[in-house]
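Hi,

Here is the structure I promised to pass on. Have a look at it first, and my notes follow below.

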Amino acid sequence: MTQEEQILKLIENNKIIITNKMVNIASSIMKKIGKLDNYKDLNKMPVLRRNNRIKSIHSSLAIEANSLSFNQVKSIIDGKPVIGPKNEIQEAQNAYNAYLKIKEVNPYSLNDLKKIHGILTYLTVQNAGKFRTGGEGVFDEAGNCIFVCPPPEQIDILMIDEVLEGLIEGVYAQTNHISVYVKKLLDVMELGVNYTTLELMELLEIKSRLSFRENYLSPAIDNGVVKMTCPKAPTSRNQRYYKV
């Protein structure tokens, strides 16, 4: 006879009386066990965040015509050998190094902007981390100049204007009543990555779909800081969400 069977037999024979205090203690223990079980799910959270970071890096590289696949970018970040164009491999390494520094960057500092630019373009362009000192333009296939870039002596002033514009947008976002919940949602989302509802709930460690939609997702969409990949079909099974 097992220990559990012995206890049940004693209860049946009224040799053990279950009191309210015993029930409350047992209930408290089960709640604590339930909380401990939730910690098992935390093991996959760093992996999920890391994969989203790699997706973001791969998407950013693809926009700049980098031909490396997602698996190649992942291998580069993992320190594994990859066969591919040397310049593109270096770009992937640079992008990952820049991501590691992103929380140290002041978005309103031109010096920090140059520093990150230097990391992003390390060994891929001349004068990495510096504003250009010569003229630039955009040319069509026939070699005709279709756009002339501002002269180098104006770059500092123009970049300051861009920084100020970003600051104004940040102030506008704060005065536009973006809630703490929406801010938390934006903090876990990477630019250039499309997320499912379940992925976002896992990143936020939320169980209730209703709470997630009412407090996080819907306000973020209403404020224009999160967009849908299928805006004409909000309930589509292929719906994804991305930060703007």
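Before the rest, some housekeeping. This is a predicted model, where local features need pLDDT of at least 70 and side-chain atom pairs count only at pLDDT 80 or more, while totals for chains, interfaces and linings use all residues. Residues are numbered from 1 along each chain as its sequence is written, and side-chain values use heavy atoms, with hydrogens and water left out.

Back to leucine 123: its phi is positive, about 65°, although it is not a glycine. You'll find leucine 123 in the loop between helix H6 (110-120) and strand E1 (137-139) (helices, H or I with at least four residues, and strands, E with at least two, are DSSP runs numbered from the N terminus). Glutamate 205 also isn't a glycine and has a positive phi of about 60°. The loop between helix H9 (197-204) and helix H10 (209-222) holds glutamate 205, which is exposed at a relative accessible area of 51%. For background, most residues other than glycine have a negative phi.

Next, the helix pair. Helix H8 (residues 180-188) packs against H10 at an angle of about 75°, their axes 8 Å apart (axes are lines fitted to C-alpha atoms, for helices over the stretch in contact, and angles run from 0 to 180 degrees between N-to-C directions). H8 and H10 are therefore roughly perpendicular, a label for angles of 65 to 115 degrees. Tyr181, Val182, Lys184 and Leu185 of H8 meet Phe212, Asn215, Tyr216, Leu217, Pro219 and Ala220 of H10 (contact means heavy atoms within 4.5 Å).

Finally, the whole structure has three salt bridges (a side-chain nitrogen of Lys or Arg within 4 Å of a carboxyl oxygen of Asp or Glu):

- Lysine 183 and aspartate 187 meet at 3.4 Å, N to O. Both lie in helix H8, four residues apart, about one turn of the helix, and both are exposed.
- Aspartate 78 pairs with lysine 74 at 3.2 Å, N to O. Aspartate 78 is partly exposed at 32%, and lysine 74 is partly exposed at 27%.
- Glutamate 104 pairs with lysine 101, with the closest N and O atoms 4.0 Å apart. Glutamate 104 is exposed at 53%, whereas lysine 101 is partly exposed at 34%.

Cheers

Notes. Buried means under 20% relative accessible area, exposed over 50%, partly exposed in between (1.4 Å probe, protein chains only). Angles under 35 degrees count as roughly parallel, over 145 as roughly antiparallel, 65 to 115 as roughly perpendicular and the rest as oblique.
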